[in-house]
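Trainee: I am new to this structure and would like to learn how to read it. Could you take me through it feature by feature?

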Amino acid sequence: MSESCSGSPQPFDSSSVERLECSSLKGRLSPEEHAALASIPDEARDLSDIEAARKVASIRFATLPRDTGDVAVSDYRIESSDGTRIRVRIYRPADINGKIPALMWMHGGGLVMGHIDWDDSQCAHLSREGHCIVVSVDYRLAPEYPYPKPLEDCAAALWWIGHNADDLGVDGGRIAVGGASAGAGLAAASALWARDHGGPHLTWQMLIYPMLDHRNVTVSSRRFTHPNIWNRADNVAAWNAYLSGHAGESGISPYASPALATNLSGLPSAYIAVGELDLFLDENIDYAKRLLTDGVATELHVYMGAFHGSDLLAPQSPLSRRWIADRDQALRRALHGKMT
C-alpha cells in the first residue's frame, strides 16, 4: 500500500491519495485513536454499490456495544408528509416523572446508510445524562429516497413531537434537535425548516461533525481520503445519492445543504463539535462563524487528534471521554441551565 503526503493540501487527485498514516498526520493520533483506526477492516467502502456498503457497515456496527440500561424504550409509527409510515424510537429516563425536555435525534450514515438501532446506546446515554426524552428518527435513505424525503421525515417527526408533547411527557418549550454526521446535517436542516415553516419552537441544536455542504470545495474536504473512515470519495458519492446526481451543482436548496443558507438569524443556539482530522472541519467552522455573525449563540469545539467518528470508535480514550463529557454538559446546560 503506497502512501504520499505533501506539506500543503493539494487538489483532489485519486491517483495520489493522502492518508491519515502520513507522517504529518499520524503523529496527531493518540495510541487509542490510532488503534481504533487500525481495527477497521483495511478495505475501502465503495459507495458505487451502496447496498454492499450498507452490509459492511451493519456488520461493523453490530460489534459495537448496545446498552440502554435503565432507560425506557418504545417505538412508534408516524406518518410522513406523503403518507409513508416511519418509525421513531423514544428513550425516557425511568426514574424521572413529569414533563421534561426532548431532543430529536438523527443517526449518521452519510444519508445512505444507518438506522435507529445503531444509536441505541448513544440515545439512551443522552437521555440519562441530559435528563430528557430522546426521539430518534428512522428517516428514509437515499438513493431510494433522495432529498427531500429524509428531511420531510424529520420534519414530520418534529411536528409529531410538538403536537403530542403532553401525551409524550415533553415540555413543549424545551425541544432541541441533534445528530451526528449526516444526522447532524439533517438536524441543521430541520432547524432551518422549523424556523421558516412555523414548526415547533426549538431551543437548541447539537451538531456533531455535521455534513453541511454538498460542494466539497474546502481544503479539509480535499485533505482526508483514507479508505477506512468517511472520506472525500464517500462524501461525493453520498451527496450525489442524496441529490440525485447533482452534488456540487448550483441551484441546490439550503434545506438540502444547510451551508448554502444565507440567513442564519433566528435559529436556535448551537453546539458544534468536530475533530481536526475530519473532512467536515472547514465547513463546520464556517457554519459556526456565520451563526455567530447572524446573532446565534454558538459553541464550537475542535478536538485535536480526532478523526470523523473517533468518539464512537474509541469511546474510552481520554480524548473521547473529554469529547463526550463536554457534549453531555452542553446538553444539560442547554435543556436545564445546569453547568454539570
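Trainee: In which hand does H5 pass H7 in their crossing?

Mentor: First, the ground rules. This is a predicted model, where local features need pLDDT of at least 70, side-chain atom pairs count only at pLDDT 80 or more, and totals for chains, interfaces and linings use all residues. Residues are numbered from 1 along each chain as its sequence is written, and side-chain values use heavy atoms, with hydrogens and water left out. Helices (H or I, at least four residues) and strands (E, at least two) are DSSP runs, numbered from the N terminus. A crossing is left-handed if the near helix is turned anticlockwise from the far one by less than a right angle, and right-handed if clockwise. Here H5 passes H7 in a right-handed crossing.

Trainee: At what angle do H5 and H7 pack?

Mentor: Axes are lines fitted to C-alpha atoms, for helices over the stretch in contact, and angles run from 0 to 180 degrees between N-to-C directions. For H5 and H7 the angle is about 60°, with the axes 10 Å apart. That makes H5 oblique to H7. The scale is this: under 35 degrees is roughly parallel, over 145 roughly antiparallel, 65 to 115 roughly perpendicular, and the rest oblique.

Trainee: Which residues make that contact?

Mentor: Contact means heavy atoms within 4.5 Å. H5 brings Pro150, Leu151, Cys154, Ala155, Leu158 and Trp159, while H7 brings Leu186, Ala189, Ser190, Trp193 and Ala194. By class, that is ten nonpolar, one polar and no charged residues. Ala, Val, Leu, Ile, Met, Phe, Trp, Tyr, Cys and Pro count as nonpolar, Asp, Glu, Lys and Arg as charged, and the others, Gly among them, as polar.

Trainee: How do the axes of H4 and H12 cross, and at roughly what angle?

Mentor: Helix H4 covers residues 120-130 and helix H12 covers 318-336; their axes come within 9 Å and cross at roughly 55°. That makes H4 oblique to H12. This crossing is right-handed. From H4, Gln122, His125, Leu126, Glu129 and Gly130 meet Ile324, Arg327, Asp328, Leu331, Arg332, Leu335 and His336 in H12. The contact of H4 with H12 has four nonpolar, four polar and four charged residues.

Trainee: Which residues of H9 are buried?

Mentor: Buried means under 20% relative accessible area, exposed over 50%, and partly exposed in between (1.4 Å probe, protein chains only). An α-helix has 3.6 residues a turn, so residues three or four places apart point the same way. In helix H9 (residues 232-242), the buried ones are Arg232, Asp234, Asn235, Ala238, Trp239, Ala241 and Tyr242. They pack against helix H3 (50-62), helix H5 (149-163), H7 and helix H8 (219-223).

Trainee: What caps the N-terminal end of H9?

Mentor: Asn231 does, with a side-chain oxygen 3.1 Å from the backbone nitrogen of Ala233. Just after H9, Ser244 takes a positive phi of about 55°.

Trainee: Where is Ser181, and is it buried or exposed?

Mentor: Ser181 sits in the loop between strand E5 (170-180) and helix H7 (182-196). Its relative accessibility is 7%, so Ser181 counts as buried. Ser181 is not a glycine, yet its phi is positive, about 60°.

Trainee: With which side chain does the side chain of Ser181 make a polar contact?

Mentor: A polar contact is a pair of N or O atoms within 3.5 Å; within protein, one must be able to donate a hydrogen and the other to accept it, and residues adjacent in sequence count only if both atoms are side-chain atoms. For Ser181 the partner is the side chain of His308, at 2.9 Å. Ser181 and His308 are 127 residues apart in sequence, but 8.4 Å apart in space, C-alpha to C-alpha.

Trainee: What is phi of Tyr209?

Mentor: Near 30°, a positive value in a residue other than glycine. Tyr209 lies in the loop between strand E6 (204-208) and H8. Tyr209 is buried, at 2% relative accessible area.

Trainee: Which residues does a cis peptide bond with omega of about 5° join?

Mentor: Ala142 and Pro143. Pro143 is in the loop between E4 and H5. Another cis peptide bond joins Tyr147 and Pro148, with omega about 15°. Pro148 also lies in the loop between E4 and H5.
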